[in-house]
Amino acid sequence: MIKLEDVHKSFGDHEVLKGVDAEIDKGQVVCLIGPSGSGKSTLLRCINGLETYQSGQISVDGERVDVASPRIHDIRTRVSMVFQRFNLFPHRTAIENVMEGPRYVLKQEQASARQKAEQLLVRVGLEDKLDAYPSALSGGQQQRVAIARALAMEPEAILFDEPTSALDPEMVGEVLQVMRALAEEHMTMLVVTHEILFAREVADSVLFLDGGRIVEEGPAGEVLRQPKNERTQDFLRRVTHPV
Amino acid sequence: MTDFIASAGVYLPILLKGVWLTIAVTLLSLGLATLLGLIWALFRTSGIRWLALATRIFVEFVRGVPILVVLFYIYFVMPEFGLDLTAFQAGVVGLALTYSCYIGETFRAGIEAVDKGQVEAAKSIGMKTPMMMRRVVLPQAFRIVVPPYANNMVMLLKDSSQVSVISVAELTMQGKMLASSTFDNMTVFTLVALLYLCLTIPLNFAMRRVEVAMGSAK
Ligand SMILES: Nc1ncnc2c1ncn2[C@@H]1O[C@H](COP(=O)(O)OP(=O)(O)O)[C@@H](O)[C@H]1O
Ligand SMILES: [Mg+2]
């Protein structure tokens with residue numbers, strides 16, 4: 001569904017992605033792990049057309065992701081994104097945040113957009129926060145609204161960029177719970193995360209990105225339990241046994 | 001003091017005519033300056049290099065020239081290019097042009113102060129730039145911009161006195177004419193100052209109320 005072929009991306013003369021190949025099939029959950037600064041966010045942002053890339057090809061359903069093309073807006077409605085820092089619209093309530101895309105981008109009727117948004121907020125456990133502004137919500141609640149906002153577009157895939165890293169520890173669980181439920185419903189997901197337990201439990205496969213290259217990939221169990229690459233071993237040791 | 005009150009009774013009706021013109025000049029040029037300022041700000045943040053640069057050069061030019069010179073230029077020079085404006089029109093255009101550059105800069109700063117994550121969130125749900133600006137960026141920039149905008153509004157009101165140099169009979173001009181015919185400088189200019197204060201103090205007060213209301217709404 002999402003395919004990356006030899007993707008290169010530089011900021012000025014700093015090459016961040018040095019030829020990335022990957023494929024995410026429909027219904028798959030893929031976790032992308034790797035040290036900070038290895039280019040994980042950049043990779044996600046390229047898939048969503050928030051960054052340009054210099055060479056290689058990223059495609060969604062066979063269609064090339066090209067920031068300069070007018071088709072980019074359509075591709076973005078099909079691949080949603082959940083950000084590390086939630087990025088909810090602070091001047092709109094929870095339900096308005098969720099309705100924003102369906103109502104104004106997909107031009108759905110007010111009543112049906114609202115009804116659907118309500119159902120989504122119920123689904124992420126926020127039925128009593130429909131009219132709350134983001135500033136009145138906890139981090140975990142905000143991130144669940146953000147997931148509902150992504151789902152409201154009825155996307156074919158969702159990209160998650162460290163969705164729990166900005167959360168207090170006691171709120172990580174509620175967000176992972178929602179993501180686990182999505183995985184069980186076979187939502188296509190590409191998840192950047194340091195939650196190794198979540199990856200082990202939920203992911204179909206794992207990609208390990210280091211220095212702008214995918215240095216190891218395979219089924220979650222294999223990569224996370226018996227990593228072959230020395231850098232992967234090293235990284236996993238550090239995230240699972242923090243000093 | 002009784003002298004002052006007696007003459008004030010005579011002068012006030014004349015000065016009030018000037019007050020109305022001051023208000024008219026201020027409101028018209030404020031409206032035009034706001035509209036133009038928004039356009040300059042959108043140009044400068046458009047990401048289109050040449051457009052941003054051209055706007056920036058224009059803004060720097062206008063900001064670097066005294067209002068008086070801008071007014072003279074529009075009133076006395078533009079007719080040679082076929083643009084013949086009345087003194088009132090030239091005054092409004094000159095003030096609007098000058099203030100559009102100040103206001104535009106505060107709008108630009110407001111737009112740039114909106115978190116980049118907001119732009120990304122808007123794009124990631126498929127919004128195109130105009131809708132993103134209208135529904136996501138500008139409403140948030142608006143809050144940031146209110147205090148400097150209010151400040152510009154009061155400055156504009158005071159600077160509207162400058163159009164007296166091209167003989168628009170607003171408050172300052174009426175005062176000058178009255179003073180030179182009565183030689184009663186003290187009474188006339190005290191009244192003029194008080195009348196300006198009657199306009200600026202309520203304006204300042206109202207804007208502070210708006211700021212407080214917006215601050216608590218967030
Ligand atoms: N907009 C940008 N301009 C310049 N350099 C950037 C930009 N965004 C990211 N980088 C650089 O790219 C590298 C990868 O960043 P990022 O994708 O955020 O890594 P990760 O998400 O894996 O921590 C880092 O060295 C970072 O400094
Ligand atoms: Mg990152």
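Which side chain meets that of A:Arg78 in a salt bridge? In this predicted model, the partner is A:Glu63, with N and O 2.8 Å apart. The pair links distant parts of the chain. A:Arg78 sits in helix α2 (residues 72–78) of chain A, and A:Glu63 in strand β5 (residues 63–64), 15 residues apart. A:Arg78 is buried, because its relative accessible area is 16% and the cut-off for buried is under 20%. A:Glu63, at 21%, counts as partly exposed.

Over all chains, the structure holds 23 salt bridges. One of them pairs A:Arg45 with B:Glu120, whose closest N and O atoms are 2.4 Å apart. A:Arg45 belongs to helix α1 (residues 40–47) of chain A and B:Glu120 to helix α5 (residues 116–124) of chain B, so this pair joins two chains. Both residues are buried.

Another salt bridge stays within one helix. B:Arg108 and B:Glu112 meet at 2.9 Å, N to O. Both lie in helix α4 (residues 87–113) of chain B, 4 residues apart, or about one turn of the helix. B:Arg108 is buried at 17% relative accessible area, whereas B:Glu112 is partly exposed at 42%.

Now to helix α7 of chain B. This helix has 12 residues (171–182), so at 1.5 Å a residue it should span 16 Å; its end C-alpha atoms are 16 Å apart, which agrees. Just after the helix, B:Phe183 takes a positive phi of about 60°.

Conventions
Residues are numbered from 1 along each chain as its sequence is written. Chains are lettered from A and ligands numbered from 1 in the order in which they are written. This is a predicted model: local features need pLDDT of at least 70, side-chain atom pairs count only at pLDDT 80 or more; totals for chains, interfaces and linings use all residues. Side-chain values use heavy atoms; hydrogens and water are left out. The expected span of a helix is 1.5 Å times one less than its number of residues. A salt bridge is a side-chain nitrogen of Lys or Arg within 4 Å of a carboxyl oxygen of Asp or Glu. Buried means under 20% relative accessible area, exposed over 50%, partly exposed in between (1.4 Å probe, protein chains only).
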